[in-house]
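Trainee: Hi! Could we go through this structure together, ligands and all?
Mentor: Happy to, here it comes.
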Amino acid sequence: MNEKKFDVVVIGAGPAGYVAAIRSAQLGMNTAIVDEMVNKAGDHVLGGTCINIGCIPSKALLDSSENYSRVLNKFGAHGIKTKDVSLDVEAMIARKDRIVSQWTSSIAALMKKNKVAWLKGHGRLLPGSKVEIVKEGSGQSEKVQAKNVIIATGSVPRTLPNVAIDQDNIVDSTGALEFTEVPGKIGVIGGGVIGLELGSVWRRLGSNVVVLEVMDTFLDMVDSQVAGEALKEFRSQGLNIKLNARVLGAKSTKKGVSVDYEDDKGKHSIRLDKLVVAIGRKPHTEGLNLNEVDVFVDESGYIHVDDYCSTNIPGIYAVGDVVRGPMLAHKGFEEGVMVAERIAGRKSSVNYDTIPWVIYTWPEIAWVGKTENELKAAARDFKSGVFPLRHNGRAMAMDEPTGLVKVIADAQSDEILGVHIFAANASEMIGEAVVAMEYRASADDLACIVHAHPSVSEAIHEAALAVDGRSWHQ
Ligand code: FAD
Ligand code: NAI
């Protein structure tokens with residue numbers, strides 16, 4: 001049988017892969033995308049971790065649970081009286097599933113519109129610029145010729161040797177998006193991004209949540225002042241966050257889960273209804289046949305690439321979670337575009353210094369650029385301005401006074417080096433800081449920009465003014 005020929009074959013249809021495929025097709029290249037993911041109904045789906053079991057479903061549940069929590073805890077202060085408020089978890093999960101399936105259908109429609117061939121099954125590299133697509137279960141396979149291959153196979157959750165995931169009582173993030181009723185007691189191993197987001201979902205819906213974090217510091221990558229405020233706030237919301245807690249083992253029992261852990265006070269045994277393991281993710285390269293085609297993998301399991309996502313083998317590229325850098329959907333989008341454009345002969349690049357991060361707790365934590373600790377470690381002179389949200393009129397009107405904005409600038413040039421926000425809707429505010437940094441603005445540039453009043457974004461303005469000690473409202 002004649003093998004089909006493509007200019008570009010993308011393996012993995014998450015954010016990095018599907019955008020790489022769209023951009024390749026837009027640039028006139030004959031493109032195929034390979035993915036093995038199937039949904040709960042057993043149907044093949046596009047969108048990868050982000051759309052199916054990551055960004056989108058988690059944000060759907062975060063919104064639902066925040067709405068519920070507002071009705072219970074915040075409506076009263078507005079003079080809105082409610083009674084007989086009740087929760088239908090199945091309806092909440094069904095809404096989340098509907099959003100996911102709308103999105104995956106949209107991605108399929110985009111592939112069709114851009115004439116990208118969707119090859120369903122497990123992709124593996126073969127010598128001679130070929131990709132083999134193995135159909136699960138049937139043992140059948142198809143080989144295609146690829147002038148260029150873009151590997152975008154993403155990441156999978158890390159596991160602990162003495163904590164077996166059964167996706168029933170002991171779950172990873174995927175299982176924690178599927179509980180059909182509110183568990184009485186949940187344990188979360190890992191006080192990172194997933195632990196806090198999914199811990200918040202179930203806490204708001206009524207679970208007792210204990211977070212067991214092995215480090216003695218909280219959110220190490222976040223500005224330490226923001227992390228300190230956030231820890232206080234999340235604890236006051238009822239998340240029982242235990243630092244320096246080392247899990248020794250966990251067992252699924254008939255009635256739930258028993259967990260043994262150790263902290264400063266000694267050894268403890270706790271009984272829970274559900275345990276969520278969220279201790280980070282690792283690059284997913286299993287079954288790609290990288291060895292046979294001589295693609296280098298680094299000591300941490302990431303596919304080794306240069307600044308432009310080229311591997312050591314000409315014509316083979318890798319993008320997204322499977323390569324170095326933050327495991328974020330938007331980082332993958334940009335790498336996918338860069339690689340497609342470079343294959344087409346353009347000189348595109350990604351500015352890794354201005355990739356924003358958001359943790360979708362409430363309030364949200366968002367930042368871009370360096371933290372003070374990173375700058376101190378690099379012996380760089382800096383100055384910072386901080387503006388607490390309790391001095392912001394809109395935040396007060398919204399009843400959302402918790403949080404702060406910090407702007408960090410170079411001590412001599414005044415160039416903005418980092419912006420850190422802990423605020424309601426920080427995810428929407430951080431864009432302004434990203435634009436400013438992309439254009440290498442100074443704190444004074446930000447301070448000179450007119451901000452609408454009243455808006456929470458004025459806190460960014462005030463923090464920029466505070467860099468020079470001239471904030472107006474504190
Ligand atoms: P993935 O999305 O992991 O996609 C890889 C795809 O490759 C998958 O579909 C997989 O089936 C397929 N695949 C793998 N190997 C093969 C093979 N050999 N053959 C065929 N197919 C293969 N990031 C954010 O930026 N914002 C968020 O709010 C956010 N929330 C998250 C919430 C959760 C619960 C989780 C788990 C992650 C979240 N992330 C978030 C991270 C985000 O999901 C990832 O950074 C992003 O999905 C990575 O994109 P990717 O394209 O590199 O890989
Ligand atoms: P993470 O790296 O954010 O957090 C893992 C936490 O687990 C860390 O605090 C770590 O110290 C702790 N830990 C590690 N081993 C442990 C152990 N044995 N016992 C107890 N604690 C332990 O990883 P997480 O939360 O699993 O998320 C994975 C990645 O997915 C994130 O780093 C991020 O890149 C991405 N993501 C992004 C989101 C967003 O952008 N809003 C949301 C969710 C995930």
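Mentor: One definition to begin with: helices (H or I, at least four residues) and strands (E, at least two) are DSSP runs, numbered from the N terminus. This is a predicted model, in which local features need pLDDT of at least 70, side-chain atom pairs count only at pLDDT 80 or more, and totals for chains, interfaces and linings use all residues. Residues are numbered from 1 along each chain as its sequence is written, chains are lettered from A and ligands numbered from 1 in the order in which they are written, and side-chain values use heavy atoms, with hydrogens and water left out.
Trainee: Thanks! Which element gives the most to the shell around ligand 2?
Mentor: That is helix 6, with three residues.
Trainee: And which residues come nearest to ligand 2?
Mentor: Glu-197, Glu-213, Gly-280, Met-327 and Val-358, out of 22 residues around ligand 2. A residue counts as near if one of its heavy atoms lies within 4 Å of the molecule or strand.
Trainee: Where does the backbone of Ala-16 come in?
Mentor: One of its polar backbone atoms is 3.0 Å from an oxygen atom of ligand 1. For Glu-36, a backbone N or O atom lies 3.2 Å from a nitrogen atom of ligand 1. Alone, ligand 1 exposes 1,000 Å², of which the protein buries 94%.
Trainee: Now helix 3: why does its end-to-end distance agree with its length?
Mentor: Its 19 residues (55–73) should span 27 Å at 1.5 Å a residue, and the end C-alpha atoms are 26 Å apart, so the two agree. The expected span is 1.5 Å times one less than the number of residues.
Trainee: What covers the buried residues of helix 3?
Mentor: The cover includes helix 2 (48–53), helix 4 (89–113) and helix 6 (193–204). Among those buried are Pro-57, Leu-61 and Tyr-68, where buried means under 20% relative accessible area, exposed over 50%, and partly exposed in between (1.4 Å probe, protein chains only).

Methods
Contact means heavy atoms within 4.5 Å. A polar contact is a pair of N or O atoms within 3.5 Å; within protein, one must be able to donate a hydrogen and the other to accept it, and residues adjacent in sequence count only if both atoms are side-chain atoms. Accessible areas come from the Shrake-Rupley method with a 1.4 Å probe; for residues, only the protein chains shown count as cover.
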